[in-house]
Amino acid sequence: MNKQRIHTDPQYYSRMTDKFSPPSKSGKCLFRAFWVGGLICVLGQAIADVGANLLKMSTRDASTLASITLVFLTAVLTGIGVFDKIGQYAGAGSFVPITGFANAMVSPALEFRREGLVLGLGAKLFTIAGPVLVYGIGTSVLVGMIYALFGL
Amino acid sequence: MQLKRIGQQTIDLPSRPALCGNGSFVGKKEGEGPLGLRFDHVAKDELYGQESFELAERRLYLDAIDTAIKKAGLTPEEIQFLLGGDLLNQIITASFSARDLGIPFIGLYGACSTMSESLCLAGMLLDGGHAQQVVCAASSHFCTAERQYRFPLEFGSQRPPTAQWTVTGAGATVVTMEPKVQPLAHIARCCMGRVVDLGISDANNMGAAMAPAAADTLLSLFRDTGTGPEDYDRIITGDLGQVGHDLLMQLMREARVPLIDERYQDCGLMIYNREEQDVHAGGSGCGCSATVLNGFYLPKLQNGDLKRILFMSTGALMSPTSSQQGETIPGIAHAVVLESPLMGGKA
């Protein structure tokens, strides 16, 4: 009873923590992400086909129609408190398509509205989507410059 | 002057201050959990009739304090200190409530360890003769904590299995030297914990970050007082959740002071139906141990179902900034030994 101390070696404790922390069930998560993500893509394709075939749009306009519709649907589902439940179920399945981007914009807008239109909504709107935009646009500028310089 | 310290960290309170009024106000989800009927009040929704979640948390906090003071047969004017804290930046729930109450205020930040931290300090204030009656309170709210520490509520992200769910709720306890009503319990001893950090940096695994601090405080208290797990009817941790619970058991086994399985309970594992309510590793937040102590354990001490318990809230002392800068998470745990008024005699 005299050696009443805990192990204080972080590496030892880290191994112990790994042992006691249940891992994400990757099989289940992959399956859910796959079917939800796939379904969203099928829906997008269907909207584009409707645009192209029924509304006689150009291919470019039809795919824009698909994006706009999915963004709109996500915004509505986020607003009525359904999308976060889909996200909890599907993970990357609902996050990777354009629906994830729409949700990342609408959810802070709702959340920080209470702090006012300028310092709340205005300042916090890009808290989640911001990094994606900064590095996405940054990368495209860089690639564009390379393209212009070397005229590939 | 005679020192009341025993050993390294523990303080004996020979005058045994009495816990005399308890208030526990919780949110809807907590009300739907296994302890739902034990609480004084269950809010119908997360806004609790207020305009913002922050105001809702403050309302829960004030209502819990009011109830505790009333049950103790006192009025706010008779209370000499409010010892309280919460999880929000600059502990605004506690300090803005103190503004409304007009009671001299000692603001505390111990993350989720605030309830036992405030009880330790209350015990010392009273035993030292610096006050006759004080009120201790702690709260948390899922929606306010979520927006401060993680993501907006409607953001569709996935929680890992080690994540915990912040309890919406506030608990308050009146501690007094001159009970006007039958006491719920007496504070016998307290042990202020050290900050312990064994290098966990995953904010989604706070149970693992806090378990070493819990073990450290337990071992100190046992060493200082010459007691062991068998001397307590229950050893109760605040919000270690499943992962922290298992890690604490293992740490104590390795330190050769194994906890007794059926006598060790974690408030974070009691407040929800973990599977049905989808809370992963369990509940967390100041409100978790505060509501479970006030709603569930204090009545059990009062009627003698439990004779002596060791109540220890556990806190993870990180901030969003420290996490983003890659710092590890320091943990803390403060313990109080509570005894039933029916126990008679002194420990």
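**Contacts between chains and between domains**

Helix α5 of chain B, spanning residues 142-149, holds a handful of buried residues: Phe142(B), Cys143(B), Thr144(B), Ala145(B) and Arg147(B). The model is a predicted one. What sits over these buried residues comes from both chains: the cover includes α6 of chain A, along with α2 (53-71), β7 (133-140) and β8 (165-166) of chain B.

That brings in the contact between the two chains. Chain A puts 34 residues into it, and chain B puts in 34 residues as well. On the side of chain A that touches chain B, the elements giving two or more residues are α1 (10-20), α4 (83-90), α5 (92-95) and α6 (98-111) of chain A. Sorted by kind, the residues on this side of chain A come out as 14 nonpolar, 15 polar and five charged.

Chain B also has a contact within itself. Its domain assignment gives domain 1 (13-176) and domain 2 (185-341), and the centres of these two domains, taken over C-alpha atoms, are 17 Å apart. Their contact draws 51 residues from domain 1 of chain B and 53 residues from domain 2 of chain B. On the domain 1 side, two or more residues each come from β3 (18-26), α1 (28-31), β5 (81-86), α4 (114-127), β7, α5, β8 and β9 (169-176) of chain B. The biggest giver on that side is α4(B), with seven residues.

Key
Residues numbered from 1 in each chain as written. Chains lettered and ligands numbered in written order. Predicted model: local features only at pLDDT ≥ 70, side-chain atom pairs only at ≥ 80, totals over all residues. Contact = placed C-beta atoms within 7 Å. Helix = DSSP H or I, 4+ residues; strand = E, 2+ residues; numbered from the N terminus. Nonpolar A, V, L, I, M, F, W, Y, C, P; charged D, E, K, R; others polar. Buried ≥ 20, exposed ≤ 12 C-beta atoms within 10 Å, placed from the backbone. Domains from an automatic or database assignment.
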